[in-house]
Amino acid sequence: MKRLLTGSSTQIGLILVGLIVIFSLLSFESFFAVANARNIATDAAVLLVLAVGATYVIVTAGIDLSVGAVLVFSGVVAAKVMNGLGGESLGVILVGLVASLAAGLAWGLFNGFLVAKAKIPAFIVTLGSLGMALGAAYLITGGVDEREVPFPLVSKFGIGRVLGIPYLVLVALAVAIVLGIVLAQTRFGRYTYAIGSNEEAVRRSGVNVDRHLIKVYSLAGLLSGLAGFMNLARFGTTTIGGHATDNLNAIAAVVIGGTSLFGGIGTILGTVFGVFIPAVLQNGFVIVGVQAFWQQVAVGAVLIAAVYLDQVRRARQRQ
Amino acid sequence: MNAQQPLLEARKIVKSFGSVRALTGANFSAYEGEVVALVGDNGAGKSTLVKTLVGVHPPDSGEILFEGREVHIHTPQQAREIGMETVYQDLALAEEIDPAANMFLGREILRGGPLGRLGFLDKAAMRHRSEEAFSDLGVRIQDTAAPVAHMSGGQRQGIAITRAVTWASKVVFMDEPTAALGVVQTRNVLDQIKRVRDQGLAVVLISHNLPEIFEVADRIEVLRLGERVARLRPSDVSMEDVVAAMTGALTFHEEEGS
Amino acid sequence: MLKHPRLTLAALCSALALVVAACGEDDDSGGGSASGGGKDYKMTLIAGVKGDEFYITMNCGAQEKAEELGVTLDFQGPQEFDAAQQTPIVNAVAAKKPDAVLIAPTDTKALYAPIKQMADQGTKIVLVDTTLEQPDMAVSQIASDNEAGGRTAAEALADLIGGSGKVFVVNVKPGISTTDAREKGFVAGAKEAGLEYVGREYSNDKPEEAAAKTKAALQKHPDLKGIFGTNLFSAEGAASGVREAGAKDVKIVGFDAGPKQVKDLEDGTVQALIAQKPADIGAQGVEQAFNALEGKETTPKIGTESTTITKDNLADSQDALYKPSC
C-alpha cells in the first residue's frame with residue numbers, strides 16, 4: 001500500500017487529476033460532461049493499447065518504433081481478408097480480427113527474433129520493420145486506402161456502447177487491466193523488469209533471456225495488431241497515410257507515466273495516466289479556447305517536466 | 001584439514017581467448033568445510049579459472065572432478081545443479097527490483113493452485129524466506145520491499161552472498177567480495193564467510209587483500225601466469241612469502257595432498 | 001504531498017502556466033462586436049490542417065463576415081491533414097456545444113460519425129472546401145468547383161507547353177473530395193487539349209514527398225513537359241523537385257496561391273497558379289450558418305470560382321493571393 005502511495009504513478013495520476021480540475025474550473029459545462037469524457041476516452045483507446053505493449057518493451061530497456069506502421073499493416077490485412085471473404089456476418093469480422101492479430105504478431109516475432117538472437121539494437125530493428133511494414137501496406141493497397149469494411153464492424157463495434165461506455169474503451173481498459181496485473185504479479189512480469197534492470201544477471205540465473213525478449217516484442221506486435229483492428233472499426237477506413245507519429249506518442253505516454261527509458265522501472269497504471277494527460281490537454285485547450293499551437297508546446301513541456309520530476313524523486317530516494 | 005578427496009578438483013585446465021592464453025594447465029582443489037583463498041597477481045587467471053568452474057565459459061581442455069567423479073559444466077545452470085553458486089565481482093544483482101526478487105531470480109515461488117500455473121508469484125513467501133536468510137547471515141536490511149538500488153554497497157554484497165549461500169549446497173565462489181566495502185561492512189562479510197564455512201560448505205575466495213585472507217582462509221592456492229605454483233597454509237607462512245609466490249621470487253613445491 | 005515541497009511547487013507552477021496560457025486566448029476569435037442585431041452566435045471553423053495559408057485565408061474571410069454579422073468565430077485545426085488527428089479536435093469542439101461549425105473534413109468517410117454527433121446535438125454544420133460521402137447533416141456545402149478548376153489548370157498547362165507533350169500530376173492523398181475532383185478535371189481537360197497524361201503520384205500533403213516523387217517522375221520521363229500540383233504543398237514540393245533535378249524546361253501549374261507559390265511564380269519556377277477564393281468560401285460559410293440559425297433558407301451547394309494567375313497578371317491579382325495571417 002505504501003508503495004502505491006509514494007510511487008511515481010501516483011504523482012502522475014495527481015497531475016492528471018489536477019489538469020481535469022483546472023479545465024473543469026475554466027469551463028465546467030463543456031469539459032466536465034459525460035459525452036466529453038467518453039470522447040476523450042475513445043480518442044485515447046487505440047493509443048492506450050499501443051502504449052501497453054510499448055511499456056513492456058521499454059521496461060526491458062528496449063524500444064519499438066514500428067507500432068504505428070504495424071497498426072496500419074494489420075488493419076490493411078484485416079480489411080483485405082474481410083472484403084475477400086465478403087459479407088457482413090460476425091464470422092467474417094472475427095476472421096478479420098484474427099488476421100489483424102496474426103499480422104501484428106508476425107511483425108512482433110520478427111522484431112523479437114532480431115533483437116534477441118541477432119543482437120541488433122532494438123532501435124535499428126524496429127526502425128527497419130517500421131519501413132517494411134508501412135511499405136508492405138502501401139504495396140498491398142496500391143497506396144489507396146481500403147475504404148470498404150463490413151458495416152457492422154463500424155456501426156456495432158466502432159461506435160457501439162454498453163452501459164454508455166464505448167466498446168473500444170472497454171477493450172482498451174481490459175487490455176490495460178489484464179496486462180497490468182501480469183506485469184506486476186507474475187513471473188513473466190518480474191523477468192521483464194529484471195532483464196531491463198540487469199540482463200546479464202538474469203542470464204546468469206539460468207533464465208532464457210532470449211526467449212523472454214522474443215515474447216515481449218511479440219506481445220507489442222500483437223497489441224499493434226489489435227490496435228489496427230480497433231482503428232479500422234473506428235474510422236471505417238485503413239488510414240494508411242496517418243499514424244506516422246503513433247510510435248513517438250506511445251513512447252511519450254509511457255515515459256510520462258513514469259517508465260524509465262533505461263529499463264527496469266514502470267507500471268501500466270502510469271502508462272494509462274500518461275496516455276490521458278496529452279489527450280486531456282488537447283481536449284481542454286480546444287474547449288477553453290487556447291491557440292491551437294500552444295497545445296504542442298504544452299504537451300512537450302509536460303513530457304519534460306514529468307521525466308524531470310521523476311529523476312528528482314529517484315535521486316532523492318537513492319541519496 | 002583432512003587427507004580426504006577434494007570436493008572440487010580441477011586438473012590441467014587450459015583456456016585461451018583468441019591469442020591470449022589465460023590458463024596454461026591450471027590445477028585447483030577445494031575441500032568441504034574450508035575457506036580456500038585463490039590468489040595471484042593481476043592477469044594470473046583467477047577470475048577466468050572460477051568462470052570455467054561455474055560454467056560461464058567452459059575450458060578448452062582439462063578435467064573437472066566433483067566428489068571424485070568427472071563432470072562437464074557448460075552452463076551456469078549445470079554448475080548450480082551440482083550445488084555450486086557464485087558471488088560475482090559485479091554482484092549480478094538487478095538493481096530496480098527488491099532483495100527478495102533478486103534472491104529468487106530464476107527460482108521464483110509461485111502461488112498454489114491455478115494462479116500458480118499461470119505464473120502468479122507468491123511475493124509474501126519469497127519475502128519471508130529472504131528475511132530469514134538475511135538474518136541468519138547477519139545481513140541487515142531495513143526495507144525488503146525497496147529496490148536494491150536504494151541500498152548501500154555492504155547491503156548489496158550481503159544480498160549477493162546470501163543468495164549464493166541459500167542456494168548452494170556444496171561450494172560458494174566469491175570474487176573480491178570486500179573490494180568496495182568500508183571497514184564495518186568488511187567485518188560483516190568476513191563473519192558471513194566464516195558462518196558459511198561452518199555450515200559445511202567449501203568457500204573459494206578470490207582476493208587481493210592478504211590480511212583478510214590470513215584472517216579467514218584455511219588454505220591459500222597461488223596462481224601465476226595461468227597455473228598453480230603453490231599451495232600454502234596461513235599458519236605456516238608469512239604474507240611476504242605469499243607475495244613472493246605470486247611474483248615468482250620464491251618457488252614452492254606444489255605438493256599433492258595437504 | 002507536503003513531504004515534497006519542491007514537487008508540490010513544480011506542480012503548482014505547471015498549473016499556473018496552463019492557466020496563463022489559457023488566458024492567452026485565441027487571438028483569432030473575433031469579438032462579438034456591437035454591429036448589427038442578431039444573437040451572439042458562437043461558431044467554430046475547423047480547418048483541414050492548421051498551418052496552411054488556404055485555411056488561414058478562409059478564416060480571414062470568415063472572421064470579416066463574422067464581425068459584420070455580430071457573431072464570434074474560433075479557429076481550430078489539426079497539425080496534419082489526418083482524420084485521426086482531426087477527430088479529437090472535432091470532439092472537443094463538440095463539447096462546447098457551439099451554435100454552428102464550419103469544417104473541412106479530412107476524410108470523406110471517417111469524419112462522418114463525429115460530425116453527425118455534433119449535428120445531433122443541434123449544432124448547424126457547414127462543410128467547407130472538402131465534403132463527406134454522406135453530407136445530409138450539413139445545411140450547406142461550399143467549395144470551389146474543383147473539377148472546373150482542374151480543367152482550367154489543364155488549359156493553362158496546355159498553353160504553357162505549346163499544346164502537346166507529356167504531363168504528370170502530383171496529388172495529395174486519395175479520399176479527399178476536392179483534390180480528387182481537380183485530378184479528374186485535369187485528366188479530362190488534358191485529354192481534350194491533346195496532351196499525353198503519363199500518371200499521378202501522391203504527396204501525402206508533404207512537400208518533401210512531392211519533391212521526391214517529382215524527381216522520380218523526371219527520371220522516368222526525361223521528356224516530361226508539364227506538371228500539375230493539386231494543392232499548395234504538392235505544387236510547392238513539385239517546384240522544389242524540378243529545381244533540384246535541374247529540369248529547367250518543365251512547366252508547372254499549381255493549385256492555390258500561397259506566398260511560397262507566389263514567390264515560385266515570380267522566380268519562374270512555377271508558371272501558373274489556379275487560385276481558389278478561400279476568403280469567399282469562409283465568408284459564405286459564416287453567412288449560411290447564420291441563415292440556418294436565424295431560421296432562414298440556406299443554399300445546399302455553393303461553388304465558388306477560381307482564377308488563373310500568371311506572372312503577367314500577378315500585379316492585378318493581389319486580392320486573390322492567400323495570406324499567412326489576417
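User: Which hand does the β-α-β unit made by strand 8, helix 8 (residues 232-245) and strand 9 of chain C have?

Analyst: First, this is a predicted model: local features need pLDDT of at least 70 and side-chain atom pairs count only at pLDDT 80 or more, while totals for chains, interfaces and linings use all residues. Residues are numbered from 1 along each chain as its sequence is written, with chains lettered from A and ligands numbered from 1 in the order in which they are written. Helices (H or I, at least four residues) and strands (E, at least two) are DSSP runs, numbered from the N terminus. With the strands pointing away from you, a clockwise path from the first strand over the helix to the second counts as right-handed, and this unit of chain C is right-handed.

User: What about the crossover through helix 9 (residues 259-267) of chain C: where does it lead?

Analyst: Start on strand 9 of chain C and follow the chain through helix 9. This β-α-β crossover is right-handed, and it ends at strand 10 of chain C.

User: How many bridges join strand 9 and strand 10 (residues 272-275) of chain C?

Analyst: Two strands pair if DSSP finds at least two bridges between them. Strand 9 and strand 10 of chain C pair in the parallel sense, and their bridges number three.

User: Are the residues of strand 9 of chain C buried or exposed?

Analyst: In a regular strand the side chains alternate between the two faces of the sheet. Here C:Lys251, C:Val253 and C:Phe255 point one way, and C:Ile252 and C:Gly254 the other. Burial goes by counting other C-beta atoms (placed from the backbone) within 10 Å of a residue's own: 20 or more is buried, 12 or fewer exposed, in between partly exposed. By that count, five of the five residues in strand 9 of chain C are buried.

User: What is the strand order of the open sheet of six strands in chain C?

Analyst: Its edges are strand 7 (196-202) and strand 12 (307-310) of chain C, each pairing on one side only. Strand 6 (residues 166-171) runs parallel to strand 8 (residues 224-229) of chain C, joined by five bridges. Pairing in the sheet is mixed, and the order is 7-6-8-9-10-12.

User: At about what angle does helix 6 (residues 177-193) of chain C run to strand 6?

Analyst: Axes are lines fitted to C-alpha atoms (for helices over the stretch in contact), and angles run from 0 to 180 degrees between N-to-C directions. Helix 6 lies across strand 6, strand 7, strand 8 and strand 9 of chain C. Its angle to strand 6 of chain C is about 175 degrees.

User: Which element gives the largest share of the side of chain C that touches chain A?

Analyst: Two residues are in contact if their C-beta atoms, placed from the backbone, lie within 7 Å. That way, 39 residues of chain C are in contact with 39 residues of chain A. The elements giving two or more residues on the chain C side are helix 1 (5-23), strand 2 (72-76) and helix 3 (83-95). The largest share, ten residues, comes from helix 1 of chain C.
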